[in-house]
Amino acid sequence: MNPLAALSDRLTSARAWLVRAQRSGSNEFNTVLGVLKGALAASVSWYIAQEVIEAQMPAFAPFTAVLIMQITVYRSAVQSLRYIGAVLLGIVVQAFLAFTAGPDVLTFALIALITLAIGHLRFLGAQGPQVPTAAFFAFSTFLTAEGFSGRLEQLGQIVVLVAVGCVVGTLVN
C-alpha cells in the first residue's frame with residue numbers, strides 16, 4: 001500500500017472513531033469522557049496540592065486522583081478507602097522502622113519484606129500492591145527531609161495529598 005493510501009485509510013478510521021465518540025454510551029464516548037474526567041481530577045488535585053497546600057511533592061494528589069477513578073462513584077469510593085488504607089499501612093511501617101532502626105539499606109529491605117507481605121491482605125483488594133509502593137516513596141521522602149519533625153511533616157503530607165486525590169477523584173467521577 002502506498003503512503004497516500006495508508007494516510008487516507010487512517011484519516012477515514014479517525015473520522016469514523018470521532019463520529020462514534022459523539023454517541024452517548026459508545027466505547028469511544030466513554031473513552032473521551034474518562035480522559036476528560038481524569039484530566040479534570042488530576043488538574044484540580046494538582047492545584048489544591050500546589051497552590052492551597054503548597055506541598056513539596058504535589059504529584060501524589062493527581063496521581064491518586066487518576067488511580068482511583070473507576071467506572072462508578074461507588075467503586076471509586078471503595079477503592080479510595082482501600083487505597084488510603086494501603087498508603088497508611090505502608091507509611092506507618094516505613095516510619096516506625098526508619099525512625100527506630102535508621103534509614104539504611106537493611107531497614108529498606110525489612111520495610112520491603114513487611115510491606116510486600118501486608119500487601120497480600122484480602123481487605124486491601126486490588127490496592128494491596130500500594131502498601132510497598134507507598135512505603136518506598138515514603139522512605140525516599142524520609143531520606144530527603146531533615147530532622148524528626150521535618151520527616152514526620154513530609155510523611156503526613158503524603159497522607160494528606162493522597163486523601164485530596166481520593167476525594168477529588170471520587171467527586172469528579
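Which helices do the buried residues of α5 pack against? I looked this up in a predicted model, in which local features need pLDDT of at least 70 and side-chain atom pairs count only at pLDDT 80 or more, while totals for chains, interfaces and linings use all residues. Residues are numbered from 1 along each chain as its sequence is written, and side-chain values use heavy atoms, with hydrogens and water left out.

**Entry on α5.** I found that the buried residues of α5 pack against α4 and α6, where contact means heavy atoms within 4.5 Å and helices are DSSP runs (H or I, at least four residues), numbered from the N terminus. I listed T107, I111, A112, T115 and I118 as buried in α5, buried being under 20% relative accessible area and exposed over 50%, with a 1.4 Å probe and protein chains only. They lie on the same side of α5 because they cover an arc of only 140 degrees around the axis, the arc being that of the directions from the helix axis to the C-beta atoms. On the other side of α5, I noted V105, L106, L113 and A117 as exposed.

**Entry on the cores.** I then looked up the largest nonpolar core, which has 24 residues, with V87, L155 and I158 making the most contacts inside it; such a core is a set of buried Ala, Val, Leu, Ile, Met, Phe, Trp, Tyr and Cys residues joined through side-chain atoms within 4.5 Å. I saw that α7 gives the most to this core, with eight residues. Apart from it I found another core, of nine residues, including I111, L124, A135 and F139.

How values were computed. Helix = DSSP H or I, 4+ residues; strand = E, 2+ residues; numbered from the N terminus.
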